[in-house]
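Dear colleague,

Please find below the sequence and structure that I am handing over to you. A summary of what was found follows.

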Amino acid sequence: MKFRKSEILFFALRNTKLRIGVFIVALFAFLAIFGPYFAKYEPQDFAGPGYNPPSGEYWLGTTTFGRDVFSQFVYGLRSTFLVGFVGGSIATFIGLFVGFLSGYKGGLADELLMMFTNIVLVIPTMALLIILAAYLKYRGVFIESVFIGFTAWPWTARAVRSQTLSLKTREFVNLARITGMKPLKIIVVEILPNMLSYVFMVFILQFGGAILTAATLDFIGLGPTQGISLGLMMQQAVLWNAIQLGMWWWAVPPGIAITAIVGAMYFMNTGLDEVFNPKLREM
């Protein structure tokens, strides 16, 4: 169903969950973009004596090895948003392509695509990612994002297929067929615009899911071999007993950031659902 832009904007501005989610994500995105410009050191540089708590010189203290935690944090945020955007975009695009094609074409194409989707769906994704990561000598943030994207799309494909099956029987789609419009153009021009709200919500979920998956891989030591991420910060903090040594400033900030970003994403998704669904709108 198509909504007027002014109507969507009106209810979006009134929705508390959406506003909270957008504010939290925007805050961390701002830190990810501009934070490195305020960092005095590179993430892996020796900044000073180890075990230093937060101070005017070291805003988030230093690690056991004298590295600046604030520098690692803001650069790690960049990696987190990169993983979320790239991984989420790939998963969303593949899911949309398979879902639209399967739902619109039907028949043998639908059966084959759904069979492939179900096969990928039942494969233990985390186990597959662990195996792939373990056999790569070099692992970068971008490579990690691509792996996550290529394993996270099946549920999106199934959901989009279901929506497409419903929309392809509508009158405006039948009218487009009668005029001789090609299937791809029908999907892009007629069906997709009626699912934009749903597609946007799917992307938000994929974004948050990619961040969580990357954090898990990083935490168990299968993240990027170069650079820094929030998951790697937590892994190193646990490995060197930061909590036991009272170095909360090393372990707590990355955990809070990941929790806040992913939680805000789900807040945004719930808020958008209320905005686009008249039955759930806040009055």
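**Overall make-up**

The protein has twelve helices and zero strands, where helices (H or I, at least four residues) and strands (E, at least two) are DSSP runs numbered from the N terminus. Read from the N terminus, the order of the elements is α-α-α-α-α-α-α-α-α-α-α-α. The C-alpha trace spans about 75 × 50 × 30 Å along its principal axes.

The model is predicted, so local features need pLDDT of at least 70 and side-chain atom pairs count only at pLDDT 80 or more, while totals for chains, interfaces and linings use all residues. Residues are numbered from 1 along each chain as its sequence is written, and side-chain values use heavy atoms, with hydrogens and water left out.

**Helix α3 and its partners**

Helix α2 (residues 16-38) packs against helix α3 (residues 69-105) at an angle of about 125°, and their axes are 8 Å apart. Axes here are lines fitted to C-alpha atoms, for helices over the stretch in contact, and angles run from 0 to 180 degrees between N-to-C directions. The angle makes α2 oblique to α3; angles under 35 degrees count as roughly parallel, over 145 as roughly antiparallel, 65 to 115 as roughly perpendicular and the rest as oblique. The two helices, α2 and α3, cross in a left-handed manner, a term that applies if the near helix is turned anticlockwise from the far one by less than a right angle (right-handed if clockwise).

On the α2 side, V25, F28, A29, L31, A32, I33, G35, P36, Y37 and F38 meet F70, F73, V74, Y75, L77, R78 and F81 of α3, contact meaning heavy atoms within 4.5 Å. By class, the residues of this α2 and α3 contact are 15 nonpolar, one polar and one charged. Ala, Val, Leu, Ile, Met, Phe, Trp, Tyr, Cys and Pro count as nonpolar, Asp, Glu, Lys and Arg as charged, and the others, Gly among them, as polar.

The axes of α3 and α4 come within 7 Å and cross at roughly 145°, again with a left-handed crossing. Here V98, L101, S102 and K105 of α3 meet G107, A109, D110, L113, M114 and T117 of α4, and the residues of the contact divide into five nonpolar, three polar and two charged.

**Helices α4 and α7**

Helix α4 (residues 107-122) also packs with helix α7 (residues 154-167), at an angle of about 145° and with axes 9 Å apart. The crossing of α4 and α7 is left-handed. D110, M114, T117, N118, V120 and L121 of α4 make the contact with P154, W155, A157, R158 and R161 of α7. Its residues comprise six nonpolar, two polar and three charged.

Yours sincerely
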